[in-house]
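Biologist: I have the chain open on my screen. Can you walk me through it, starting with one residue and its surroundings?

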Amino acid sequence: MSVGNDVEKLMRNLILAFAALALPACQSAPEPLQSAAIEPAAIPSQSALDPAVVPPGPAIMDQSVAIIPPSKGVPTKYAAFSGNWVGRLEGTYEGKLSVQSVSSNGKVTVTYAWGILSDDNPGEAAGEGKIVGNTLKLGRLPNGADVSFRMMPDGTLTATHTLAGQTYTGMFIRQ
């Protein structure tokens, strides 16, 4: 019976040794704790714009906004602004722009929507603007904000939204 006990002890020791080796391999390192100050880094970067990702306080635009294609007499550099655009200011705050019509002299009709911007609640404003060179400047918004969009060589828009002395910048892409 001593041989049976020896085999049993050997098997038990082999199982314990295997478990001692396998257990650390199955464990993963604990996730580092993140403070609230680090949390915004989890928001997708400008290059990762995804319409399915909805940040806190999203920009909501009226679904009935219609785009009128620019006529043949509208210069190409103005016509490039036509359409629906979406972006993030400071990589966090969502914005939407619909350039509904563009005239040959650079005047535009637009609807602009923004999500929460610091202390400013989400909102939407319809109005007019003017394209000068490669920059579309909107008329002052009802909340007092000044907003402009600059057409970049790659077909994106860089946005500047200034409200109460605070300036937010970001990039918008065509939807």
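Biologist: Which residues is Val108 in contact with, leaving aside its neighbours within four places in sequence?

Modeller: Val108 touches Val99, Ser101, Val102, Gly127, Glu128, Gly129, Lys130, Ile131 and Leu136. Contact here means heavy atoms within 4.5 Å. Bear in mind that this is a predicted model, where local features need pLDDT of at least 70, side-chain atom pairs count only at pLDDT 80 or more, and totals for chains, interfaces and linings use all residues. Residues are numbered from 1 along each chain as its sequence is written, and side-chain values use heavy atoms, with hydrogens and water left out.

Biologist: Is Val108 buried or exposed?

Modeller: Val108 counts as buried because its relative accessibility is 2%. The cut-offs are under 20% relative accessible area for buried, over 50% for exposed, and partly exposed in between, with a 1.4 Å probe and protein chains only.

Biologist: How many bridges join β3 to β4?

Modeller: There are 8, and the two strands run antiparallel. Strands pair if DSSP finds at least two bridges between them. Thr111 has Ala126 in β4 as its bridge partner.

Biologist: What about β4 and β5?

Modeller: β4 pairs with β5 over 4 bridges, in the antiparallel sense. Ile131 is bridged to Leu136 in β5. Both Ile131 and Leu136 are also among the contacts of Val108. The two strands form a hairpin with 2 residues between them, and Gly133 in the turn has a positive phi of about 65°.

Biologist: Keep going along the chain. How do β5 and β6 run?

Modeller: Antiparallel, with 3 bridges joining β5 (residues 135-138) to β6 (residues 146-151). Thr135 has Arg150 in β6 as its bridge partner. Arg150 also stands opposite Thr158 in β7. β6 and β7 (residues 157-163) pair over 6 bridges, in the antiparallel sense.

Biologist: Which residue in the hairpin of β6 and β7 takes a positive phi?

Modeller: Gly155, with a phi near 90°; that hairpin has 5 residues between the strands.

Biologist: Which residues have a positive phi without being a glycine?

Modeller: Glu90 is one of them, at about 60°. Ala164 has a positive phi of about 50°. Glu90 sits in the loop between β1 and β2, and Ala164 in the loop between β7 and β8 (166-174).

Biologist: How accessible are Glu90 and Ala164?

Modeller: Glu90 has a relative accessible area of 42%, so it is partly exposed. Ala164 is at 80%, so it counts as exposed.

Biologist: Another loop residue, then. What is Leu117 in contact with?

Modeller: Setting aside neighbours within four places in sequence, Leu117 contacts Leu89, Tyr93, His161 and Tyr168. Leu117 is in the loop between β3 and β4 (123-132). Its relative accessibility is 2%, so Leu117 counts as buried. The C-alpha atoms of Leu117 and Leu89 are separated by 8.5 Å, with the residues 28 apart along the chain.

Biologist: Step back a bit. How many helices and strands does the chain have?

Modeller: It has 2 helices and 8 strands. From the N terminus on, the order is α-α-β-β-β-β-β-β-β-β.

Biologist: What share of the residues is buried?

Modeller: 31% of the 175 residues. For contacts in the chain with a separation of 6 or more, 48% come from residues 24 or more positions apart.

Biologist: Last topic: which residues line the largest pocket?

Modeller: The lining consists of Met61, Asp62, Gln63, Val65, Asn84, Trp85, Lys96, Leu97, Ser98 and Gln175. β1 (83-89) and β2 (93-102) are the elements that give two or more residues to this lining. β2 gives the most, with 3 residues. A pocket is an open set of points on a 1 Å grid over the protein atoms alone, where a 1.4 Å probe fits, with protein on both sides within 12 Å along at least five of seven lines; lining residues have an atom within 4 Å of a point.
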